[in-house]
Amino acid sequence: MFQQVLFSGMALGSIYGLVALGFAVIFKATEVFNFAQGMFVVCGAYLAVTAIAILDLPFPVAVLFVLVMAALIGAVIQSTLIQPLAGRPILAVIMLTIAISIVLRAGIEIAYGPPARTLTTPMPSGGFAFMGLMISKLHLTAALVSWACVILFGLFFRYTSIGLLMRATADSHEAATISGIRVNTMNRLAWGIGFTLAAIGGVFLGQLQIVSTELESIGLLALPAVVIGGMQSIPGAVLGGLLVGVIEQLAAAYISPKASDVAIYVLLLAILMVRPWGLLGQRGINRV
Amino acid sequence: MSSATTSSPTATARPGVRPGLGRIVLLILAVAALLYVPTLLTERAIFGHRLSNMQLLNLGLTQINLMLISMLGALSLNYLMGCAGLISIGHAAFYATGAMAAAVTGTQLGWPFPLVLVAAGVAGGVVGALAGLPSLRVRGLYFVLSTMAVHYMVTFGFLEYQFRVFDVVGIPFATPSLFGFELSTPTRWYFVLLALVVLTYWGLRNTLRSREGRAMLAMRDHERAAVAAGVDVRVLRIKAFGLSSAIAGVAGALYAYYLSNATAETFGINFAIQFIAMIIIGGMGSLAGAIIGAAVWLLLPSVIGGMASEIGPMPGLLGSLLTEHRAQFVQLIFGVLVIVLLIFAPGGLVGLAHRFKALFGRRSEG
């Protein structure tokens, strides 16, 4: 029982980690605390529905469609809405992201209708037994793909020249501007990546559950994940996502299904009180 | 100065200037209009002259009453966010606390209604002061998240309480009576709520003009300067949080009684977000802005609904927006309105009004 819960917690946690990673990329680059990340997850799921069920694209093309559209939408949101508010107080920026999620939710519900959709892809389903555990193939695929994306983006930021430019921009906008980096392009790229990572998470969550705007609340778990892991830290976001997934499943299994949210937020509050900079964050940055 | 401080609530206060005759007449007219609203909306006629639904903007007294309850929430949140500078997305939690306190004292113990309201206020204030404690340790974004954590804890408590004592349909609330005066009709509710809103507005305005209120505005504008001037910002923050939450607690109890039923789902995170949207629309840091924002947020949906039925069936996209997707369409308008205001008019509608006043050469304020 315990191992079973742990497995599903880790699998879900990997998806949360992926969404949280997208969140952290956006936060590091533009210092925007993105409350719309949950809605980005929903957008990813609906993009997949559009590609597979409505446009009837073959699966690889559909994947490409989701990735490209997600990156585009992210970049467009950054350049039209986020950029004009650069340097404004945090409440204005937070509220802007909340307003973006309100608009996205309304737009999706108008375009696709309120009833939930199911998403079916050729990805493996069913399950198999492994060392006494019942392992769902979809959960396993989700976890593996999430980890592949995390590693891929980790390598991208670490070793490619664009990754270096993005890290430099995130460190200091002024210094990057002086060095001739196109800061706005880098920020747009960060939003594109952040949206894409959320969208990939959305494709999996939409398959594990059902595609509706209610997925937003699951996507929003990326917020506590990022804070628990450490806001300035990319590995922290992934670790936070894993922790949130495991705690959610454990609380649901051993306390009550209603207790999963509150368990996560109790941990969040404890972290905020004891270690506000998060598990893997750097001390000092966060004390204002 | 940051743009969050666009219009200080004390800007309109001019001590020493005697109110002119024009102002007194305006005030009397406003009071008369407010007293006439319930008659107007129940008889749907003005001095015997019948008005069409559209001339009344498709409004009913129920919407007006819900608007008044929301005004309490928006006022208290604007006091906290706009005046004390503490961002909270946990305002629904204090509504829930108030409703829960009302359920324990009113529905379970059968206390009289005024006492229930006091209990709701005290409960809201205590939980609010506790929720404000993290402000001693964390700032900015981290504090925002701690209010979110408080929100989830309180709604979990509400859910547990609701399912232990009542069940899935929610907590019932009897028709309250105020010193033998049964609040059984919307008109009666209207006058009680109106009085409470006026009282809260007046109380908060005076608080802001007091020594502590000025210290709080100083804390919002420049914390270090305020500390240097001898303001204990830690105590002040918790006090502001307590006061704001106490008002929200009372509003929560009123809301539960008005709807005569409350469930945990009522007080979700979106419930808190709507109050933030209200004060952004109306104007951050301005008590009048809270009133205007709440009015826009609560009345616009019904006005749009009225317009849709007036115009009749329409072909194409707009037609389907106004009929089958009306709720989503209203949300879309609100979202776009908030975005546009944030980008072009950070002071909200009140800030816009000030700008127009200045533009037309009248005495500029603020």
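A:Ser260 is buried, its relative accessible area being 12% (buried means under 20% relative accessible area, exposed over 50%, and partly exposed in between, with a 1.4 Å probe and protein chains only). This is a predicted model, in which local features need pLDDT of at least 70 and side-chain atom pairs count only at pLDDT 80 or more, while totals for chains, interfaces and linings use all residues. Residues are numbered from 1 along each chain as its sequence is written, chains are lettered from A and ligands numbered from 1 in the order in which they are written, and side-chain values use heavy atoms, with hydrogens and water left out.

A:Ser260 belongs to helix 12 of chain A, residues 260-274 (helices, H or I with at least four residues, and strands, E with at least two, are DSSP runs numbered from the N terminus). When residues up to four places away in sequence are not counted, A:Ser260 touches A:Glu248, A:Ala251 and A:Ala252 (contact means heavy atoms within 4.5 Å). Elsewhere in chain A, helix 2 (residues 37-54) comprises 18 residues and reaches 24 Å from its first C-alpha to its last, close to the 26 Å expected at 1.5 Å a residue; the expected span is 1.5 Å times one less than the number of residues. Because 16 of its 18 residues are buried, helix 2 of chain A is largely enclosed by the rest of the structure. Just after this helix, A:Asp56 takes a positive phi of about 60°.

We turn next to the interface. Here 41 residues of chain B are in contact with 44 residues of chain A. The area buried between the two chains is about 4000 Å², and carbon and sulfur atoms give 81% of that area (buried area is the accessible area, with a 1.4 Å probe, that two parts lose on being put together, summed over both). On the chain B side, B:Arg137, B:Leu141 and B:Tyr142 lose the most area to chain A, together 18% of what that side buries.

Polar pairing across the interface comes to 2 residue pairs in polar contact, both at pLDDT 80 or more (a polar contact is a pair of N or O atoms within 3.5 Å; within protein, one must be able to donate a hydrogen and the other to accept it, and residues adjacent in sequence count only if both atoms are side-chain atoms). Helix 5 (140-165), helix 10 (269-282) and helix 13 (326-344) of chain B each supply at least two residues of the side that touches chain A. Helix 5 of chain B gives the most to that side, with 14 residues. By residue type, the side of chain B that touches chain A divides into 31 nonpolar, 7 polar and 3 charged residues (Ala, Val, Leu, Ile, Met, Phe, Trp, Tyr, Cys and Pro count as nonpolar, Asp, Glu, Lys and Arg as charged, and the others, Gly among them, as polar).

Side chains of opposite charge can pair when their charged atoms come close. The count between chain B and chain A is 1 salt bridge (a side-chain nitrogen of Lys or Arg within 4 Å of a carboxyl oxygen of Asp or Glu). B:Glu160 and A:Lys258 form a salt bridge, with their closest N and O atoms 3.6 Å apart. Over all chains, a search of the whole structure finds 9 salt bridges. B:Glu160 lies in helix 5 of chain B and A:Lys258 in the loop between helix 11 (234-254) and helix 12 of chain A, so the pair joins two chains. B:Glu160 counts as buried at 19% relative accessibility, and A:Lys258 as partly exposed at 33%.

Within chain B, B:Lys239 forms a salt bridge with B:Glu212, the closest N and O atoms being 2.6 Å apart. B:Glu223 in helix 8 (residues 223-228) and B:Arg237 in helix 9 of chain B are 14 residues apart. B:Glu223 is partly exposed at 27%, whereas B:Arg237 is buried at 4%. In chain A, a network of salt bridges links A:Arg105, A:Glu109, A:Glu214 and A:Glu216.
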